[in-house]
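Sequence and structure come first.

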Amino acid sequence: MIYLEVPKNLKLVVNQAHQVAKHIFRPISRKYDRAEHDYPKELDMLAALMDGLSAGGGPQGAGVDALQREAGANGGVRNGGNMTTCLGLTELCWGDVGLALSIPRQGLGNAAIAAVADADQKERFAGVWAAMAITEPGAGSDSANIRTTARLDGDEWVLNGEKIYVTAGSRADSVVVWATLDRNLGRAAIKSFVVPHGTPGMEVVRLDKKLGIRASDTASITLTECRIPKDNLLGSSDIEAKTGFGGVMQTFDNTRPVVAGMAVGVARAALEHTRALLEEEGIKVRYRGPLFAKSAAEAELIRMEADWEAGRLLMLKAAWMADNGIPNSTEASMSKAKAARVGNRITLRCVELCGSLGYSEAELIEKWARDSKILDIFEGTQQIQLLIVARSLLGKRSSELR
Amino acid sequence: MGSSLRVLNRIADSPLVERLGLEDRAQKLVYEGAKRAAETAARAAKRFSSKRTDGRPRSSQKFDLSLTEEQQLMRDTLRRFADDVMQPAAREADDRSSTPDGFLDAFGELGAFAMSVPEVLGGAAERVSAVSQMLIVEDLARGDMGLAYAALSPLSFVNALVHWGSDEQQSRLLPSLLEGESNAATVAVVEPHPLFDPGALRTAAKRRGSDYELSGEKSMVALADRAHYFLVAAEVPKVGPRFFLVERDAEGVETLDEPAMGLRSASLGRLKLDKVRVGSEALLGGEAALKAEGKAAYDDGMNRARIAWGAMALGTSQALLDYVIPYCNERLAFGEPISHRQAVAFMVADIGIELESMRMLVYRAAGRIDAGLRCRREAYLARTLCSEKAMEIGTNGVQLLGGAGFIKDHPVELWYRQLRSIGVMDGNLLL
């Protein structure tokens, strides 16, 4: 039965995340925007708090390890881990996107482990904070084209290559590295490997200075004859044309709605604050009367809100599908494409609507407008999402629609 | 129980149902209807309690995008009807600016009226659902928005009677509408001036003793050439906007053809009301409607109108997407299908994304009605998004076909004209 509201049983988690965003993130938001590369020590406390909650048998957290595909609903519709995580990250990013990306043990690598690791690996890597390393200087959106290699030598994989743009790459305790077993075999030969920091041969060589999300560390990493145990390869080492690369890519079906949720969160922050500032100027939003009979500012707020709701509902739809075992690649990409582009547009427009106040560091609006840009880039750019959606709608292979 | 079974039986007997190969579905509909009627009777027999339930489904309170079995059945039926009856008739009806004879009867045979009226009022619906109504709108608009507008206008009239009519009005008007007089009624809210606001009507209903005197002009009224009844929105001074039931042959009622950019196949007309005198029984909901519940009903009606036009945008946009996909895959340029070019493919992707965006907002607003939640904000936002994105989809649809999109050999230019109506129409349909 069609009911598109946030379910009551998830409101507790949403509220918890909101409290964290409001009372922990917001007060230190500007501080770590200015002090790029400083470690936000406040997060250790937050990590302890989250661990305490799980250990105490508290409600299911909003963590990335809840991003698991359900085998299918028995006993009715499920609103499970995917929706919880999406809603949780929405709230945290309402607080601060950079800090949300720096929560210990909530890295994208953790999502990959949750999605493709076998039972033994899940146990072994429990409690690990794992970053994700895909992009290389010569391979961004074309991730099938990576050059980092993995070769089996006895009981160890030997990794060689260079990774860039690794979110939480220096702070995490492990990095999930994408590498190819054989460059001639294309995407099927690409596998992911868990490499703990401290492993000889893996080195953080640089931290990037960025437009936004400065509270989050973005690292360049080199791998030189870096040796890891054989069973640190996630999933199967067989080069099966169907399941190899696809298995790794499957992570994205779960994480893209989360990034959509991040955009929804930061856009809501900007919308709410802009609305409050405009209200002081006598501009109040009323959902009645023709749009064109309103002031341009009020009409724009309403248009942005409509677009924002679209991004939010598409995110919930994609998460709902994942929770109920329905394939959602297309919908995951739709949600990210819509939420991220309107998230960016909304935050930028909010700066404009608030004038110099919006542009000034006196408010956080300008920061949100910088932070939002990355959400339309990482986990697949806008253009990659459009390609995925277009291929799906048009029934095209990647060799046809390139 | 008897009346609902009679209605269901009529659906099963319909020659159209047979022609469309819908027997299986019709039978299932009848089966489900009968089963429900039996269950209702059994429940009634078990407890003689007169305690009234509010008829609202108990929501699972979980986010859910799945349809009920009944909605899925209705959907399958209407989609066949849209494909096999409406799409082939759309072009000629548009050319003639007139709803074809027999089309409304054919639609009436499908049972949408019965499924919209609760059993207690002689229909076959266990409960009336805004989502179900919205799905009907979406599926019909997939066939053709103009014909859908024609078919949905009497249904909107029926919906208004069911939601807000007094007992007397329901028993006076519903039976004939349910018995198949499917072209008998329409709804007139929209007025012909820029920045029209359904909350600030120029059409007035002045009190004259216990009567009302209606004056004003209504625009884009579907079936204006043939409707016996008009549900007219008019401002009662010092009270606010209310609905009135106006008969065609009342003195001072005049209709004129009003062909427009699109929706032409709905037999569009201007309704002129010149000091039309109606009795107090013409006020929808009776005297009680003068109080707060009349305002609530009108506001509810506006929300339902916005959701309905949003659903129109969904149906036609879906038809457009379904059409441009094979076209772009088959049309060759520079030695390959044009869909192999990102400039083309991304446009198709954006149609898909914005269509799904609109769908989420429209479904959500309708779902809130069924859950008993307020939906003014949600309906307003749905209208805002659909007004913009529906036209974007319409113009991009023509663009994707290029010159072929501009000529009448393809239906895309028709959809372009019809999708422009979403930003214009604020009223005239009700879920």
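## Chain A: domain 1 against domain 2

In this predicted model, 20 residues of domain 1 of chain A are in contact with 20 residues of domain 2 of chain A. Contact means that the C-beta atoms of two residues, placed from the backbone, lie within 7 Å. Chain A has domain 1 (8-113), domain 2 (128-234) and domain 3 (244-394). These bounds come from an automatic or database domain assignment.

Helix 5 of chain A gives the largest share, five residues. Helices here are DSSP runs (H or I, at least four residues), numbered from the N terminus. By class, this side of domain 1 of chain A holds 10 nonpolar, six polar and four charged residues. Ala, Val, Leu, Ile, Met, Phe, Trp, Tyr, Cys and Pro count as nonpolar; Asp, Glu, Lys and Arg count as charged; the others, Gly among them, count as polar.

## Chain B: domain 1 against domain 2

Chain B splits into domain 1 (2-46 + 63-183), domain 2 (204-290) and domain 3 (292-423). Domain 1 of chain B puts 21 residues into its contact with domain 2, which puts in 19.

On the domain 1 side, helix 4 (69-96), helix 8 (145-164) and helix 9 (167-178) of chain B each supply at least two residues. Helix 8 of chain B has the largest share, nine residues. This side of domain 1 of chain B divides into nine nonpolar, nine polar and three charged residues.

## Conventions

Residues are numbered from 1 along each chain as its sequence is written, while chains are lettered from A and ligands numbered from 1 in the order in which they are written. In this predicted model, local features need pLDDT of at least 70, side-chain atom pairs count only at pLDDT 80 or more, and totals for chains, interfaces and linings use all residues.
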